[in-house]
Amino acid sequence: MRRCIVCRQTKQENQFYSNGVKRRVVCVPCVREMRKEFVRDLQQYKKKRGCVLCSYNDNEQKLHFHHIHPETKKFEISHAFDFFKYCGKYRHNLLNHPKIKAEIEKCIILCVWCHTAVSREERKLNAIY
Ligand SMILES: [Zn+2]
Ligand SMILES: [Zn+2]
């Protein structure tokens with residue numbers, strides 16, 4: 001038996017995620033709930049900003065984070081949850097986690113269409129320089 005640090009309920013070991021090395025401290029339903037919160041916060045953030053080039057913000061699914069300087073990229077914003085889901089006080093507010101915040105600040109928001117165009121231009125530039 002183990003106690004979840006989020007819901008504080010005592011549950012069976014198999015109710016916790018395992019990374020194969022040691023048992024985690026947050027139970028499966030809590031991790032699912034936190035993932036949902038993170039995805040929702042991320043989508044709200046993208047919608048609020050909109051595409052930096054054309055201002056599109058109708059559908060957050062069509063808005064992407066784009067690293068302006070790929071060489072400084074530590075992780076994809078959309079994958080941040082997998083790295084930080086166990087971070088205590090930020091667990092319900094992952095976007096404020098200093099490491100995630102820092103990563104978001106390296107990015108601009110682009111819609112899929114502008115993203116395609118930007119990637120194409122970047123490839124052209126990379127071929128020249
Ligand atoms: Zn729990
Ligand atoms: Zn756009």
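This is a short walk through one protein chain, from its overall layout down to a few single residues.

Okay, some ground rules. What you see is a predicted model, where local features need pLDDT of at least 70, side-chain atom pairs count only at pLDDT 80 or more, and totals for chains, interfaces and linings use all residues. Residues are numbered from 1 along each chain as its sequence is written, while chains are lettered from A and ligands numbered from 1 in the order in which they are written.

So how confident is the predictor? pLDDT is its confidence in each residue, from 0 to 100. The protein chain averages 89, and 92% of the residues score at least 70.

Now the layout. We have four helices and six strands. Those are DSSP runs, numbered from the N terminus: H or I with at least four residues for helices, E with at least two for strands. Starting at the N terminus, you read β-β-β-β-α-β-α-α-β-α.

What about overall dimensions? The C-alpha atoms fill a box of roughly 60 × 30 × 20 Å along the principal axes. The radius of gyration is 18 Å, whereas a compact globule of 129 residues would be near 14 Å. That radius is taken over C-alpha atoms, and the globule rule is 2.2 Å times the number of residues to the power 0.38.

Next, burial. A residue is buried if 20 or more other C-beta atoms lie within 10 Å of its own, exposed if 12 or fewer, and partly exposed in between, with C-beta atoms placed from the backbone. By that count, 15% of the 129 residues are buried. As for contacts, two residues make one if their C-beta atoms, again placed from the backbone, lie within 7 Å. Of the contacts with a separation of 6 or more, 51% join residues 24 or more positions apart.

Which residues make up the largest nonpolar core? There are twelve: Phe38, Leu42, Cys51, Leu63, Phe65, Ile77, Ala80, Leu94, Ile100, Ile109, Leu110 and Cys111. Two or more residues each come from α1 (28-49), β5 (63-67) and β6. β6 gives the largest share, three residues. By nonpolar core I mean a set of buried Ala, Val, Leu, Ile, Met, Phe, Trp, Tyr and Cys residues joined through C-beta atoms within 7 Å. In soluble globular proteins, nonpolar side chains tend to be buried together.

Let's stay with helix α1. Its 22 residues reach 32 Å from first C-alpha to last, close to the 32 Å expected at 1.5 Å a residue. That expected span is 1.5 Å times one less than the number of residues. Which residues of α1 are buried? Cys30, Phe38, Leu42 and Lys46. They sit on the same side of α1, because they cover an arc of only 140° around the axis. The arc is that of the directions from the helix axis to the C-beta atoms. Over on the other side of α1, Arg32, Lys36, Arg40, Gln44 and Lys48 are exposed. For background, an α-helix has 3.6 residues a turn, so residues three or four places apart point the same way.

Zoom in on phenylalanine 38 in α1. Phenylalanine 38 counts as buried because it has 22 C-beta neighbours inside 10 Å. Setting aside neighbours within four places in sequence, phenylalanine 38 is in contact with Phe81 and Leu94.

Compare helix α4 (residues 112-128). Its 17 residues reach 25 Å from first C-alpha to last, close to the 24 Å expected. And how many of them are buried? The number is zero, so α4 lies largely in the open.

Last topic: backbone angles. Most residues other than glycine have a negative phi, and most peptide bonds are trans. Just after α1, glycine 50 takes a positive phi of about 75°. Arginine 8 has a positive phi of about 60° and isn't a glycine. You'll find arginine 8 in the loop between β1 (2-3) and β2 (10-11), and arginine 8 is exposed, with 9 other C-beta atoms within 10 Å. Serine 55, not a glycine either, has a positive phi of about 70°. Where is serine 55? In the loop between α1 and β5, and with 9 C-beta neighbours inside 10 Å, serine 55 counts as exposed.

Methods
pLDDT = per-residue confidence, 0-100.
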